[in-house]
Number of protein chains: 4
Amino acid sequence: MIAVLRQGVSQEQTSSLCDWFKTMGLQVHISEGEYQTIIGLIGDTSKIDIGLLEGLSIIESVKRISEPFKSANRKFHADDSVVDINGVKIGGGHFQMIAGPCSVESESQIITVAEAVKKSGASLLRGGAFKPRTSPYDFQGLQAEGLTLLLEARRRTGLPIVTELMNVNHLPLFEDVDVIQIGARNMQNFELLKEVGKTNKPVLLKRGLANTIKELLMSAEYIMASGNEQIIICERGIRTFETYTRNTLDLSAVPMLHRLTHLPVVVDPSHATGMSWLVEPMAMAAVAAGADGLMVEVHNDPEHALCDGAQSITPEQFDRLAERVRKIREVIHS
Amino acid sequence: MIAVLRQGVSQEQTSSLCDWFKTMGLQVHISEGEYQTIIGLIGDTSKIDIGLLEGLSIIESVKRISEPFKSANRKFHADDSVVDINGVKIGGGHFQMIAGPCSVESESQIITVAEAVKKSGASLLRGGAFKPRTSPYDFQGLQAEGLTLLLEARRRTGLPIVTELMNVNHLPLFEDVDVIQIGARNMQNFELLKEVGKTNKPVLLKRGLANTIKELLMSAEYIMASGNEQIIICERGIRTFETYTRNTLDLSAVPMLHRLTHLPVVVDPSHATGMSWLVEPMAMAAVAAGADGLMVEVHNDPEHALCDGAQSITPEQFDRLAERVRKIREVIHS
Amino acid sequence: MIAVLRQGVSQEQTSSLCDWFKTMGLQVHISEGEYQTIIGLIGDTSKIDIGLLEGLSIIESVKRISEPFKSANRKFHADDSVVDINGVKIGGGHFQMIAGPCSVESESQIITVAEAVKKSGASLLRGGAFKPRTSPYDFQGLQAEGLTLLLEARRRTGLPIVTELMNVNHLPLFEDVDVIQIGARNMQNFELLKEVGKTNKPVLLKRGLANTIKELLMSAEYIMASGNEQIIICERGIRTFETYTRNTLDLSAVPMLHRLTHLPVVVDPSHATGMSWLVEPMAMAAVAAGADGLMVEVHNDPEHALCDGAQSITPEQFDRLAERVRKIREVIHS
Amino acid sequence: MIAVLRQGVSQEQTSSLCDWFKTMGLQVHISEGEYQTIIGLIGDTSKIDIGLLEGLSIIESVKRISEPFKSANRKFHADDSVVDINGVKIGGGHFQMIAGPCSVESESQIITVAEAVKKSGASLLRGGAFKPRTSPYDFQGLQAEGLTLLLEARRRTGLPIVTELMNVNHLPLFEDVDVIQIGARNMQNFELLKEVGKTNKPVLLKRGLANTIKELLMSAEYIMASGNEQIIICERGIRTFETYTRNTLDLSAVPMLHRLTHLPVVVDPSHATGMSWLVEPMAMAAVAAGADGLMVEVHNDPEHALCDGAQSITPEQFDRLAERVRKIREVIHS
């Protein structure tokens with residue numbers, strides 16, 4: 001960490017600041033120039049509150065050199081983490097496809113889709129029971145009944161289930177869920193992160209629409225700091241000025257996340273683009289960029305989907321996508 | 001609402017779609033051209049789920065002409081709403097300053113600040129008890145004890161208090177709070193919005209870092225749809241590519257919100273800029289743009305603030321700001 | 001095109017507006033509702049100046065339904081355009097790699113790199129002679145001498161050359177250049193676009209840092225409207241809030257551009273990411289997303305490059321990349 | 001400037017790098033830690049090409065501590081610069097209003113508007129002769145004839161004129177123009193910047209749609225490095241995700257620019273918002289934020305403007321705006 005002092009700071013003030021840094025166990029290096037003085041701090045700066053430093057009147061600016069996340073940091077954990085979901089492994093060379101409808105709508109719908117995607121090679125079933133919707137007048141999901149239907153689909157197909165948690169008070173309902181999803185809008189719902197951190201369930205953590213890679217990893221750090229290290233990171237598009245696509249899928253985040261963290265990284269091309277015909281090319285690109293998995297919306301009847309029909313692909317389209325993805329995987333690993 | 005059909009849609013498909021629209025009580029107007037057919041829908045389209053329409057294979061695109069929010073919409077409520085906080089009125093020509101520290105730190109701190117800002121003309125006291133922090137290692141607020149200290153400051157000064165709610169389970173603790181703040185990171189925490197919608201307390205709803213004005217009003221709509229119409233909207237800066245300031249304060253949102261909604265609009269120049277020396281010029285600009293109030297971080301000792309010291313101003317600086325703001329108000333109303 | 005009238009517009013004003021639209025050869029359809037009147041315009045609206053309409057006091061808003069570009073529009077030109085550069089074809093199934101250093105620095109440098117990338121399968125040589133630099137104190141390129149060295153490298157290797165034009169007055173110097181590049185910062189330098197539109201040389205048009213896909217195609221339209229239809233579109237990353245990468249590569253632009261235009265689309269992973277280790281994964285992802293070509297910075301000694309060394313890969317890394325890209329191409333075409 | 005070395009760099013490599021820095025006249029300070037080594041560089045780093053450093057394999061990252069601009073930097077020029085346009089002074093406490101139509105359309109139009117805005121207190125006349133338009137099919141300005149009409153308006157009213165230059169070859173036509181405007185889309189047209197830097201005319205430099213404050217000042221530095229120090233900086237809105245307004249006016253840029261540079265700063269609320277009813281509130285906010293001037297589009301008949309009618313205000317509206325702005329100025333200076 002680097003602190004730049006304001007012009008005119010006295011020798012005494014500088015010494016007193018440096019002493020304070022030393023009490024925090026940091027090594028302090030001072031570089032004095034004609035126009036400015038820079039203080040370099042070496043050691044574990046992850047627990048320094050940067051806002052506190054910036055508030056000091058003698059400091060002009062503070063820059064972090066090392067990342068503020070620690071448990072999620074590859075520097076301190078060189079090997080890939082592998083998340084194991086009842087035997088389905090993801091990360092460290094294990095690639096998985098998570099597929100299913102945006103919302104669970106009925107027993108026949110979820111089971112039809114689950115059986116179809118399993119046949120095409122998906123190893124995890126996704127489906128929303130509690131749905132975050134921008135408008136209070138839009139369909140909010142089947143809620144508890146949706147969870148029951150997901151569990152029934154798991155019983156029939158053996159596919160572990162991934163579904164979104166929006167409210168800490170729903171946690172008891174999620175006891176039999178295999179992977180808890182934290183949605184983009186809740187990526188910085190720190191109260192929710194702390195609570196899922198206390199469970200022993202794998203968490204799929206989606207990047208917020210306007211959150212940086214660093215903030216995404218700080219949210220993973222929240223969960224890990226509460227004791228749960230089974231985290232799957234999910235890139236799902238960010239908000240930019242471009243309006244042709246719903247969001248802009250940031251695929252360079254995939255290799256960047258792999259460099260910064262040991263946690264597995266999956267990509268959701270459905271929400272990123274908002275259009276079904278863009279799902280296949282973006283899924284292939286994600287795999288070529290090195291993703292450890294895909295999360296794809298599949299619906300047996302997208303035209304009558306109660307939510308996000310425009311971005312859902314059919315089981316037939318998913319089958320083709322899965323086949324092409326497998327071939328890309330072979331090239332990647334050759 | 002306008003729906004553009006894909007090329008090659010049959011007469012029959014078009015009729016069947018139009019019939020469906022009519023069952024929803026909408027008037028339907030068809031415009032057929034050489035290259036495209038456009039369907040115009042007139043009536044209350046606020047409850048149509050646009051995602052559903054976009055999912056239909058015969059539809060190329062859908063555009064809303066009227067806004068999807070209704071209770072918050074000025075079109076259906078021409079007069080300014082006035083929110084009354086135990087006699088302190090905001091909106092409809094009533095202007096108020098909300099001031100106080102980022103975090104409540106101690107009894108002497110909160111009372112010192114409360115007395116000072118009251119003397120300078122603030123009519124509401126802000127102070128964080130539960131703090132949303134990007135890092136799990138940063139100070140998280142005094143929590144329940146912070147609320148107690150805020151109530152003590154109210155008892156001493158008479159200033160109603162505004163403080164942030166992050167977790168629905170904390171609601172019982174907020175029973176005596178005057179205004180519940182929903183922070184930027186929770187603007188789309190729909191579960192939280194529904195719950196504060198069931199209370200009878202005024203809500204100060206902050207715009208999310210990357211949320212559009214439309215989404216901000218849809219979040220207000222969530223609260224109103226649950227029965228609570230006492231909402232104060234707060235602009236506090238959005239995330240852009242510019243890095244010199246923490247966020248980019250979007251002041252054109254102030255007159256735009258006044259046109260779109262009848263709810264009062266306040267501005268928080270402290271979080272928007274992240275630097276104390278920018279607070280005064282941006283506060284003045286906000287008032288010149290027509291804001292109904294300001295929310296300003298004031299700390300008696302910013303250098304030792306446990307949170308956001310860099311953006312806090314001193315009581316002396318607030319006193320000067322308040323004086324200058326009053327003069328701008330006179331110009332605005334002349 | 002849809003025009004929404006303001007409330008309270010008289011029958012007479014509406015008729016007069018509609019008559020005016022009809023004189024422009026448009027079909028006019030009026031939909032009247034309780035709260036608003038919508039006018040649908042069918043026909044060739046690409047030449048309507050939307051700003052003019054928005055300026056009318058009786059109009060609330062105007063929305064385009066069809067794209068404002070015509071020559072570049074796939075709707076009016078269903079087949080892929082193939083750009084032929086002295087026998088090197090790009091588009092319509094023809095894939096090409098453009099490689100070379102950011103800046104031409106010396107004869108030995110450019111020839112060494114040209115021979116290496118040719119051997120690895122590149123079919124076009126890139127190299128900057130005139131360099132747009134953010135700082136006036138940074139290296140501005142070898143200028144005319146750089147062009148001479150590029151031509152020498154072409155003479156030795158047979159690779160056609162691609163280089164950037166920044167000033168219409170340099171056009172005479174570009175007489176022997178094979179492909180004129182318009183850089184991101186000049187994408188909306190309309191004077192430059194008009195002039196290259198009058199030449200008969202293929203143009204590689206890069207997307208501006210903050211330009212939408214629509215604006216990119218409008219810039220292609222400028223060149224086409226001046227008579228030159230040999231355009232290669234290049235996605236090279238857009239500016240977002242994320243700071244870990246220099247820009248955010250927008251790969252969904254690749255299939256989106258293929259749907260909107262018949263022009264070939266290439267991707268520049270070097271400028272998009274700014275880091276050499278990200279070039280290979282992003283190149284592979286671009287090809288998986290369907291790009292018609294890649295533009296890659298290769299330098300024989302990146303550590304001593306006078307420009308953009310951080311994002312240049314070595315000839316050995318390019319050789320590996322080219323091999324892997326070929327395998328992805330096979331999957332794409334299977 | 002701070003350079004962070006990669007892990008595993010040898011003592012010898014470090015020494016050799018430091019020696020190189022010293023030959024550039026920099027003081028070098030090394031801070032070695034367990035996980036990383038940081039090199040602090042003190043001295044004039046404005047001429048170091050940061051891209052070159054980032055390209056070195058032994059360097060992990062480089063961060064600038066001091067700004068890369070020098071002539072424009074307030075650190076080296078503490079007093080406000082005052083730009084004098086034939087006696088009309090701007091900056092250093094001098095406030096001016098620049099007003100006029102988007103495009104010059106006819107003699108009667110430009111003279112009517114010029115006389116009206118002069119009467120209301122404007123001291124400079126703006127008007128476009130060469131117009132940068134996104135579509136090649138939109139009105140491109142009266143060009144040379146427009147300049148003649150502007151000069152006629154100056155002869156009649158005495159108001160110096162401000163008009164946009166898009167092409168270095170048009171410079172001879174601009175011989176009698178008082179202030180050359182560089183538009184947002186040409187802010188990084190470095191060839192144009194160099195040429196206007198060689199003239200002795202004041203330059204009004206507009207911020208690009210997606211350019212940072214630092215890049216804006218680097219473009220000013222280009223002009224200054226060529227010898228012309230009479231520059232007026234203009235904030236005119238940046239591109240963000242918000243779509244309700246055309247751009248997002250970044251008013252915090254006003255005090256920030258005042259801190260970073262000694263050059264005068266004006267604000268263009270017309271282009272920033274794109275809507276005439278937003279011009280007055282945003283003009284007032286700009287002045288409250290400390291702008292040294294305003295640039296406002298005024299048209300005698302906005303409904304029939306050939307360009308940007310939606311954002312033009314009438315002379316009557318300008319008169320009211322000017323009156324209110326004067327009152328805000330009084331508060332600012334009290």
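C:Tyr137 sits in the loop that runs between strand E8 (124-126) and helix H4 (144-157) of chain C; helices (H or I, at least four residues) and strands (E, at least two) are DSSP runs numbered from the N terminus. With a relative accessible area of 23%, C:Tyr137 is partly exposed, a class lying between buried (under 20%) and exposed (over 50%), using a 1.4 Å probe and protein chains only. The side chain of C:Tyr137 makes a polar contact of 2.4 Å with that of D:Glu221. A polar contact is a pair of N or O atoms within 3.5 Å; within protein, one must be able to donate a hydrogen and the other to accept it, and residues adjacent in sequence count only if both atoms are side-chain atoms.

A word on conventions. This is a predicted model, in which local features need pLDDT of at least 70 and side-chain atom pairs count only at pLDDT 80 or more, while totals for chains, interfaces and linings use all residues. Residues are numbered from 1 along each chain as its sequence is written, chains are lettered from A and ligands numbered from 1 in the order in which they are written, and side-chain values use heavy atoms, with hydrogens and water left out.

Now to the interfaces of chain A. Here contact means heavy atoms within 4.5 Å, and buried area is the accessible area (1.4 Å probe) that two parts lose on being put together, summed over both.

| Interface | Buried area | Share on carbon and sulfur |
|---|---|---|
| Chain B and chain A | about 4200 Å² | 50% |
| Chain C and chain A | about 3400 Å² | 72% |

Let's take chain B first. In this interface, 48 residues of chain B are in contact with 48 residues of chain A. On the chain B side, B:Tyr137, B:Glu191 and B:Glu303 lose the most area to chain A, together 16% of what that side buries. Two salt bridges cross between chain B and chain A, a salt bridge being a side-chain nitrogen of Lys or Arg within 4 Å of a carboxyl oxygen of Asp or Glu. A:Arg239 pairs in this way with B:Glu215, their closest N and O atoms being 2.6 Å apart. There are also 17 residue pairs in polar contact between chain B and chain A (both at pLDDT 80 or more). Helices H2 (50-54), H5 (190-198) and H6 (213-225) of chain B each give two or more residues to the side that touches chain A, and H6(B) gives the most, with five residues.

How are the two copies related? A rotation of 180 degrees, with 0.0 Å of shift along its axis, superposes chain B on chain A (RMSD 0.0 Å), by least squares on the C-alpha atoms of residues with pLDDT of at least 70 in both. The two copies are thus related as by a two-fold rotation axis. In chain B, the C-alpha nearest the axis belongs to B:Ala210, 2.8 Å from it.

Chain C meets chain A with 41 residues from chain C and 41 residues from chain A. C:Phe241, C:Tyr244 and C:Trp277 lose the most area on the chain C side, together 21% of what that side buries. Two salt bridges are counted between chain C and chain A; in one, the side chains of A:Arg207 and C:Glu242 meet at 2.8 Å, N to O. Six residue pairs are in polar contact across the interface of chain C and chain A (both at pLDDT 80 or more).
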